[in-house]
Amino acid sequence: MNGPLLFLPLIPLLPFVGFLLNGLLGHRLPKAVISAIALIAPLISFLIVLRDAFLVWSGSVTMPFVEQGAPAWISLGALRVDFGSVLDPLSLVMLLIVTGVGLIIHVYSVGYMHDDEGYWRYFAYLNLFLFFMTVLVQAGNALVMFVGWEGVGLASYLLVGFWFHKTSAADAGKKAFIVNRIGDFGFLIGLFLLLANFGTLTFNEIAAKLAANPAWTGGVLTAISLCLLIGATGKSAQLPLYVWLADAMEGPTPVSALIHAATMVTAGIYMIARTHFIFDRSPFALSVVAIVGAATAIFAATIGLVQTDIKRVLAYSTVSQLGYMFLGCGVAAYSAAIFHLMTHAFFKALLFLGAGSVIHALGGEQDMRKMGDLRRKTPITFCTMTTGVFAIAGFPGLSAFFSKDAILAAAFNSGGLGKILWFVGIVTAVLTAFYMFRLWYLTFWGESRNHEAHPHESPWVMLGPLVILAILSVGGGWTGAARFGAFLAPSVGIKPEEAPGNFEYLLTPLAVLAGAIGWFIAHRMYHRPKTADGLVPGTPAGYKLLAHKYYVDEIYGFTIVKPLLAISKYVLEWVVDVAILGGLAWFLAGIASFGGAILQRWQSGNLRSYAAWLALGAAVLLYFVLGPQIFGTAVPHIGIAGH
Amino acid sequence: MNSMHLINQEVPLAWYLLLSAVLFCLGVVGFLIKRNLITVFMSIELMLNAVNLSFVTFAHQWHQVRGQIFVFFVMMVAAAEAAVGLAIIIAVFRVRATLAVDRIDLMKL
């Protein structure tokens, strides 16, 4: 190995050690020690990543850096899967986000979870999540990535169901896990297809094989891409598997910020960017990605319009923003998608943590209809949240302005459906601005609609992370999409059609205008709401449809869950389990007891009958041993005379 | 040498073995059908001695002393067994006042 040590394996291992310490000993340790363990691990990991980033920046490390000589996991014939980490621009950006935002949210959690009984458990899970997430990001091959992929799903399950004594939380955890399982199934099929067609799961080797055969397009590559896409829709909460994310808000708010907004749910986008060389060979799969993304973006945004739970608004907003990233991937603008992933990680983590601070201030109240007028009571939360709201709305100069603009421009310039996708994106931008400013007005403006709570500003251990994230939300996009794309180019390539379109100069003002329209409508409707519980528009049918989230949960329940349950109950339980397996067991038991009833007569207790059987047995034995000699063949000569 | 020669000439091995088998079967049958404990006991002795006879026969046939040594062992064990067995029989008779095997069934369910 040449060049300076990068300590890549330590980045996941330290949080894992933290998980082991807190998980095994945490219940006996005082809170200060738990916090120290839980914070030091991601802190050191983050410092390592920073140092590596600095080494890259100063030129002492050339990317992509592929760790050599890592221990092998599987070595079967030509197939070799090892734990070697990869440091390239893509994984470096992701590592910075994961460990950086992760560290910030760890700090915030110290304040937010301070009074929780499961303090040690919480931090153990959080460290476990960081472990798996960094494994996922650093993975040099698809199988190790899958390990991280499953691992973050596990951590997500544990943390969504963290308050498992609450039925809704436990159910939400199960829902998240099961829906993800469907996606993971697709991912796994994709892996098998990769293995069958390429004979390797290492990203570099697959890329090299594809590069060596420029003629390979479509066909099996489309199949692989679509399987991977199914995996991505599960993890990144896209249509049709997005249903788990809103329920996942049952978890503690910092978890929603870290796992269900900033990092884990972006794993799908990361995966597509990581395997972009496969998607690039299948225009059909790419358009599916783009359509799924655009459809999810507008679909989730409309649901977000009418939610009353502050966290659920943010959850649907996350789904919608992830849709943007898929849209970016789908028009092969991977760097724009990753760029938006990064800025989204900043402002959405900020919004969630701000919401957590609001919830904290109101003693656990999440219903926006019972908020209002918090800007005076919680000024710092208000300021930082305001930054986040303006950022997500695409206010010029703030981070999402650059990243969303890059995606929309790329969509507009792509051929085929590009213009339609762009239009969907613009409409979504209006909706986004609307529901975010609705949240903003309902929470911070107007009259206080909650007279029981006595709002108080959160402690600085929570406000500090808010301020840092607010700064990042403002400045996170200042590198500009072009420079960011150039940095990422070694990982994801440069989008071929960079030629500016005819209306390019109009796109940015239009996007800003979209945000302004959304703000304006929200201002008209919610700045001074006419009714106490916010405004129910004059179209109750449409409102009801949205408030029930298009009845998707009900439809899934009716078309998938109910039939599955019925099959499980009537076919699997009654026919297979009770009738076939149970019947077989009863049948075998019947044979045994019936046979026993007959054979027990043998055991008469009569000594002479035993002796008779003994003699008979000996006779039979002798017959079989000696019989052939005596009866079957000629009787051997056993005479004595003559010898 | 002379007597062995006589046996060799006059009585074939099979006869000895047949006699042994007949004695053994008599013992088995006696063991199975007799009711008196002493007769049963004697039947066992008869079986042992039938086996002894075949041991001796083969020892003679193959000019090996091992079979004869084995017979001594069997006789010794049989003597010990007889001592213990008769003692048990006397004890049983004292308690039960009978020697019929079928009546000595205290352990039967």
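The structure is a predicted model. For chain A as a whole, the mean pLDDT is 87, with 94% of the residues reaching 70 or more.

The secondary structure of chain A consists of 25 helices and 4 strands. Its C-alpha trace extends over about 125 × 65 × 50 Å along the principal axes. Of the 643 residues in chain A, 49% are buried. Among contacts in chain A with a separation of 6 or more, 81% are formed by residues 24 or more positions apart.

The packing of two helices was examined in detail. Two packed helices are described by the angle between their axes and the distance between the axes. Helix 2 of chain A (residues 31-58) packs against helix 4 of chain A (residues 119-138) at an angle of about 10 degrees, and their axes lie 10 Å apart. Because angles under 35 degrees count as roughly parallel, helix 2 of chain A is roughly parallel to helix 4 of chain A.

On the side of helix 2 of chain A, the contact involves Lys31(A), Ile34(A), Ala38(A), Ala41(A), Pro42(A) and Ser45(A). These residues meet Tyr119(A), Trp120(A), Phe123(A), Leu126(A), Asn127(A), Leu130(A) and Thr134(A) in helix 4 of chain A. By residue class, the contact between helix 2 and helix 4 of chain A comprises 9 nonpolar, 3 polar and 1 charged residues.

Methods: Residues numbered from 1 in each chain as written. Chains lettered and ligands numbered in written order. Predicted model: local features only at pLDDT ≥ 70, side-chain atom pairs only at ≥ 80, totals over all residues. Axes fitted to C-alpha atoms, helices over the stretch in contact; angles between N-to-C directions. Helix = DSSP H or I, 4+ residues; strand = E, 2+ residues; numbered from the N terminus. Parallel < 35°, antiparallel > 145°, perpendicular 65-115°, else oblique. Contact = placed C-beta atoms within 7 Å. Nonpolar A, V, L, I, M, F, W, Y, C, P; charged D, E, K, R; others polar. Buried ≥ 20, exposed ≤ 12 C-beta atoms within 10 Å, placed from the backbone. pLDDT = per-residue confidence, 0-100.
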